[in-house]
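Subject: Structure handover

Hi,

Here is the structure I promised to pass on. Please open it and keep it beside you while you read.

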Amino acid sequence: MDIIQIPSVWALAILLVFGALWVAFGWWLGKKNNSLDDFMLAGRNVGFAFATATAMATWITSNTTLVAPQLTYQFGIWGMVGYSMAALGLILFAPLATRIKSLMPNGYTCGDFIRQRYGRFAWYVFLIVSMFYAFGWLVSLGMAGGILLSALSGIDYYIGMSAILLICVLYTLLGGLRAVIATDFIQTIIILLGVLWIAYVCLQDVGLEKIYSSVSHESPELLNLLFPAAIMFLFNNIFFGIGEIFHSNVWWSRAFAFKKDVGKKSFLLSGLLWFPIPIVTGFIALSAPALNIYPPTADMIGPLVAAKLLGEIGAIFVFVVVFSALASSLDSLLAATSDLLTKDIYKGLINKKASKQQLLRVSKITIVSLGIVTWILCLPRVTTLGELLNFTGAFVASTIWPIVFGLYQRRLNGLYAGLAMLIGTSLGLVGYFTIGFYVAALISCLFSLIICLIGIWLKNANFQWENLNESNKKQAGEM
Amino acid sequence: MSLKRWFALVIIAGISHFSCAAEGGERALLPVEQTSSEGYFTLKWDPSISNNNTQLQMSLNRDFRQILQSYPLPSEGKITLSGYATGDYYFRLHNLSPNHQPENIQSHALVKVSHRSLESAIQLFILGILLFAGLVVCIFKFSKSESSI
């Protein structure tokens with residue numbers, strides 16, 4: 001089966017040209033950064049268009065361009081639909097973003113909120129959960145870069161993975177969140193045009209009838225709406241997506257960075273616009289049998305089908321689209337995780353009297369360190385992207401209820417919030433290893449809710465909301 | 001258990017393991033037997049075998065009386081297949097030599113697909129709906145009464 005489409009030299013040239021463009025753009029934008037707020041939160045002044053684009057582009061990632069086709073290839077129709085349901089995370093975060101901005105107008109990270117709302121025990125648990133997720137996602141993105149290059153050009157996995165990490169670290173380092181948001185805007189346009197073109201060519205060249213007949217002949221379960229594992233996967237993916245967004249500093253930093261009253265509208269719109277994209281990217285995986293494509297690993301199915309459909313020129317375009325999607329998420333995650341480590345670990349635990357200049361320097365060192373650690377973790381390609389991502393589902397889904405109750409409900413205290421995350425994650429992992437990766441988030445979310453409800457019933461923390469704002473004012477003044 | 005008997009058992013186990021390994025070494029397609037609860041699975045072989053003359057064949061019978069499907073081999077030395085219904089599937093690598101004389105490279109690999117129970121899947125589905133509805137109602141109600149909190 002001949003699957004290599006782009007000559008290696010071309011692939012490297014594209015990588016260098018786009019890499020240089022993003023890095024130069026990051027450097028140019030970085031010149032406008034005068035303060036820590038500028039670097040970490042783009043001056044807290046992001047308008048509606050950029051806000052919507054960055055929310056959408058960040059959510060279009062290796063998940064959408066590589067994992068959505070993988071899950072469609074594994075779980076069929078439900079895999080495709082289930083994946084698109086991750087849009088609900090963005091939609092449900094819309095009201096939360098307004099609440100976050102009104103409770104903590106001077107806030108920096110989600111860790112700030114958890115520490116002030118719940119105290120140290122819950123904060124420690126939350127940081128562990130966040131770090132597992134952040135590294136799971138970072139590693140999946142680095143791996144995706146390597147997989148993409150090897151699928152489309154035959155270049156070694158390690159070269160592709162190293163190149164994409166290096167480029168993203170460089171422009172995030174130079175431009176901060178401002179560069180991340182601006183590049184996201186351009187990347188969104190490239191991604192949308194690319195995805196639509198691939199789907200159009202797929203329908204034109206292969207046709208629905210041929211796709212249906214070949215899938216029903218060779219892989220009948222993919223069209224079966226009573227496919228048991230796929231039914232289990234559906235709600236698991238919804239809670240995984242919601243957990244990812246609700247807990248992650250990638251999204252909280254955007255809630256802090258967007259102008260007042262922009263967050264709700266932009267998260268809602270980006271969710272609605274994102275919803276059909278996994279359907280489109282997933283759909284092309286169903287055409288694999290009709291095109292006589294059978295991948296070595298399930299996560300390579302998307303690029304392989306696209307490259308076969310579009311030929312050599314098309315493969316270059318696919319390469320640019322997926323590279324943009326990966327970069328738009330990787331930079332956001334690097335920036336947000338660096339904020340969390342700088343603000344929560346360095347300032348919160350190591351150097352409580354750190355000045356703004358010190359924090360800015362630590363933030364940049366952290367971005368580089370994150371890149372290096374991710375690179376090391378990507379070296380042994382241990383599992384498929386889908387399985388790696390869903391492993392983190394057990395962690396993030398446990399935070400959904402503590403975040404929701406924490407933002408709106410005075411009664412839940414830190415002990416039960418921490419226990420909810422701890423027990424939810426543990427039982428989610430039991431489900432991951434005993435049943436399958438497609439139940440971990442659902443189990444985690446369920447048990448986390450039970451612990452939260454017990455906590456609310458047993459004890460009333462009677463938290464005062466004013467404490468959040470006062471504490472943040474104090475911190476902003478110190479910084 | 002006496003020490004003598006224990007040693008005898010260890011030696012027998014060692015010999016049988018050695019003979020199994022030798023038999024496994026002749027096989028090109030791995031794993032020799034696997035089960036799948038989701039209808040997708042991966043088969044591996046020595047990548048040097050991958051060429052245009054070699055195919056992966058699937059049959060419902062151990063003797064490959066009827067070949068139901070033939071797959072081209074990815075050059076990476078492994079293939080992931082999906083969407084299989086419950087049942088036993090036999091696979092083998094089959095080399096169609098230039099003079100069109102079929103030559104089987106090895107004996108078969110067996111994949112047993114046994115999907116999870118639909119009943120438990122639907123129970124989890126209903127649980128998911130209830131949990132999701134609860135979350136939406138909570139966020140909606142909390143947001144409505146936000147100003148009063």
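Which residues line the second largest cavity? Keep that in mind while we look at the chains. One caution before we start: this is a predicted model.

**The two chains**

Start with chain A. Chain A has 21 helices and zero strands. Of its 479 residues, 68% are buried. Now look at its contacts between residues at least 6 apart in sequence. Among these, 87% join residues at least 24 apart.

Chain B has two helices and eight strands. Follow chain B from the N terminus and the order is α-β-β-β-β-β-β-β-β-α. Chain B has 149 residues, and 37% of them are buried. For contacts in chain B with a separation of 6 or more, residues 24 or more positions apart account for 61%.

**One helix in chain A**

Find α11 of chain A, residues 228-247. This helix has 20 residues. From first C-alpha to last, α11(A) reaches 29 Å, close to the 28 Å expected at 1.5 Å a residue. There is a bend to look for too. α11(A) has a kink of about 25 degrees, centred on A:L234.

Why is α11(A) described as largely enclosed by the rest of the structure? Because 20 of its 20 residues are buried. Buried here means under 20% relative accessible area.

**The cavities**

How many cavities of 30 Å³ or more does a search of the whole structure find? The search finds six.

Take the largest cavity to begin with. The space in it is about 140 Å³. Its lining has 14 residues. Those nearest its centre are A:T65, A:I198, A:T281, A:I284 and A:V322. Four helices of chain A each supply at least two lining residues: α4 (62-75), α9 (157-205), α14 (277-286) and α15 (301-350). The largest share comes from α15(A), with six residues. By class, the lining has 11 nonpolar residues, three polar and no charged.

Next comes the second largest cavity, with about 70 Å³ of space. Here is the reply to my opening question. The lining is made up of A:S130, A:Y133, A:A134, A:H247, A:S248, A:N249, A:V250, A:L333, A:A336, A:T337 and A:L340. Six of the lining residues are nonpolar, five are polar and none is charged.

A:Y133 sits in helix α8 of chain A. Is A:Y133 buried or exposed? A:Y133 has a relative accessible area of 1%, so it is buried.

Which residues does A:Y133 touch, leaving aside its neighbours within four places in sequence? A:Y133 is in contact with A:E244, A:H247, A:S248, A:T392 and A:V396.

Last, select A:Y133 and A:N390 together. In sequence they are 257 residues apart. In space they are 9.9 Å apart, C-alpha to C-alpha.

Over to you.

Best wishes

Note on methods
Residues are numbered from 1 along each chain as its sequence is written. Chains are lettered from A and ligands numbered from 1 in the order in which they are written. This is a predicted model: local features need pLDDT of at least 70, side-chain atom pairs count only at pLDDT 80 or more; totals for chains, interfaces and linings use all residues. Side-chain values use heavy atoms; hydrogens and water are left out. The expected span of a helix is 1.5 Å times one less than its number of residues. The bend at a residue is the angle between axes fitted to the seven residues ending there and the seven starting there. Buried means under 20% relative accessible area, exposed over 50%, partly exposed in between (1.4 Å probe, protein chains only). On a 1 Å grid over the protein atoms alone, a cavity is a set of points where a 1.4 Å probe fits but cannot get out, and a pocket is an open set with protein on both sides within 12 Å along at least five of seven lines; lining residues have an atom within 4 Å of a point. Grid points are joined across faces, edges and corners, and a volume is the space filled by probe spheres set on the points. Ala, Val, Leu, Ile, Met, Phe, Trp, Tyr, Cys and Pro count as nonpolar, Asp, Glu, Lys and Arg as charged, and the others, Gly among them, as polar. Contact means heavy atoms within 4.5 Å.
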